[in-house]
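Thanks for coming, everyone. I have one model to walk through, so please look at the screen.

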Amino acid sequence: KAKNMNIGRFKKTHGLAGTRIHKVWWGMIGRCYDPKRGDYKWYGARGIRVCDRWLKSIHLFLQDMGNPLSGESIDRIDNNGNYEPSNCRWATPKEQARNRTSSRLLTIDGKTQSMAAWAEDIGMRISTLHARLKAGWDITRAVLCPLLVGRRSHCRRGHEFNKETAYIFRGQRHCRICADIRREAYNARKRAGQADELNRRR
């Protein structure tokens with residue numbers, strides 16, 4: 001396990017107090033070395049620690065990581081690894097969600113990615129994919145079955161379902177192209193009706 005230490009010794013003058021990079025650095029140290037923190041059980045108690053280089057200086061941490069973009073926070077590539085230059089990156093919440101300890105990597109035809117990524121690619125809820133795998137389905141069938149057996153790959157008008165054309169409404173998959181066509185037809189009828197009404201009033 002990570003060795004506890006007096007983290008108060010890191011509260012020294014470094015010219016970055018109150019900045020975002022300082023909050024990230026201070027939070028990283030606290031998660032790993034302060035048992036009083038609620039999230040310590042997920043970090044320090046699991047043996048996760050901060051490398052000596054970053055413990056030594058926030059300036060070295062900033063030098064290695066740079067400043068994050070808006071919406072990004074620090075993420076460990078290997079969730080069982082330490083906070084160190086080779087294992088850390090700035091990532092968005094979505095990227096971090098795919099990298100959680102609970103994320104399972106699936107490989108199909110030589111392509112490996114997380115369950116969340118596969119579910120997004122095929123337009124399926126991750127809970128559905130997880131349930132199929134838990135029920136004992138093999139990986140290929142669990143991922144591809146919704147497109148090949150249980151659900152249509154095209155809408156009734158022949159438009160292919162994919163991330164751009166499909167959307168979920170009330171638990172059912174619908175075609176965005178068809179919806180746009182219906183909307184345009186409705187608007188055209190509405191405009192025609194308004195024009196007829198104006199003609200009658202003249």
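Start with Ala142, which is found in helix H7, residues 139-150. Helices here are DSSP runs of H or I with at least four residues, strands are runs of E with at least two, and both are numbered from the N terminus. Ala142 is buried, at a relative accessible area of 0%. Buried means under 20% relative accessible area, exposed means over 50%, and partly exposed lies in between, with a 1.4 Å probe and protein chains only.

What does Ala142 touch, leaving aside its neighbours within four places in sequence? The answer is Met124, Leu129, Arg132, Leu133 and Trp137. A contact means heavy atoms within 4.5 Å. His130 is 12 residues from Ala142 in sequence, and 8.6 Å away from C-alpha to C-alpha.

Now the ground rules. This is a predicted model: local features need pLDDT of at least 70, side-chain atom pairs count only at pLDDT 80 or more, and totals for chains, interfaces and linings use all residues. Residues are numbered from 1 along each chain as its sequence is written, and side-chain values use heavy atoms, with hydrogens and water left out.

Next, the whole chain. The chain has 8 helices and 6 strands. From the N terminus, the order is α-α-α-β-β-α-β-β-α-α-α-β-β-α. Of its 202 residues, 34% count as buried. Take the contacts with a separation of 6 or more: 40% of them link residues 24 or more positions apart. The accessible surface comes to about 13400 Å², and carbon and sulfur atoms hold 50% of that. Those areas come from the Shrake-Rupley method with a 1.4 Å probe; for residues, only the protein chains shown count as cover.

On to helix H1, residues 20-33. H1 has 14 residues and reaches 20 Å from first C-alpha to last, close to the 20 Å expected at 1.5 Å a residue. The expected span is 1.5 Å times one less than the number of residues.

Why is H1 largely enclosed by the rest of the structure? Because 11 of its 14 residues are buried. Among them are Ile21, Val24, Trp25, Met28 and Ile29. Gly30 and Arg31 are on the buried list too. What do these buried residues pack against? They meet helix H2 (52-56), helix H3 (58-65), strand E1 (73-76) and strand E2 (88-91).

Gly44 sits in the loop between H1 and H2. Gly44 counts as buried, at 0% relative accessibility. From Gly30, Gly44 is 14 residues away in sequence and 8.7 Å away in space, C-alpha to C-alpha.

Now the cores. In soluble globular proteins, nonpolar side chains tend to be buried together. By our rule, a nonpolar core is a set of buried Ala, Val, Leu, Ile, Met, Phe, Trp, Tyr and Cys residues joined through side-chain atoms within 4.5 Å. The largest has 21 residues, and those with the most contacts inside it are Met28, Val50, Trp54, Phe61, Ile74 and Tyr83. H1, H2, H3 and E2 each give two or more residues to this core. H1 supplies the largest share, 7 residues. Beyond residues up to four places away in sequence, Met28 touches Val50, Trp54, Phe61, Ile74 and Tyr83. A second, separate core has 11 residues, including Trp118, Leu129, Leu133 and our opening residue, Ala142.

E3 and E4 run antiparallel, joined by 4 bridges. Two strands pair if DSSP finds at least two bridges between them. Leu106 has Gln113 in E4 as its bridge partner. Which residues of E3 lie on the covered face, and which on the uncovered one? Leu106 and Ile108 are covered, while Leu105 and Thr107 are uncovered. In a regular strand the side chains alternate between the two faces of the sheet.

The hairpin has 2 residues between the strands, and Asp109 takes a positive phi near 55 degrees. Asp109 lies in the loop between E3 (105-108) and E4 (111-114). Asp109 is exposed, at 79% relative accessibility.

Last, the cysteines. How many disulfides are there? The count is 0, where a disulfide is a pair of cysteine sulfur atoms within 2.5 Å. The sulfur of Cys175 has its closest cysteine sulfur in Cys178, at 3.7 Å, which is too far for a bond. Cys175 is buried, at 6% relative accessibility. Cys178 is buried as well, at 6%.
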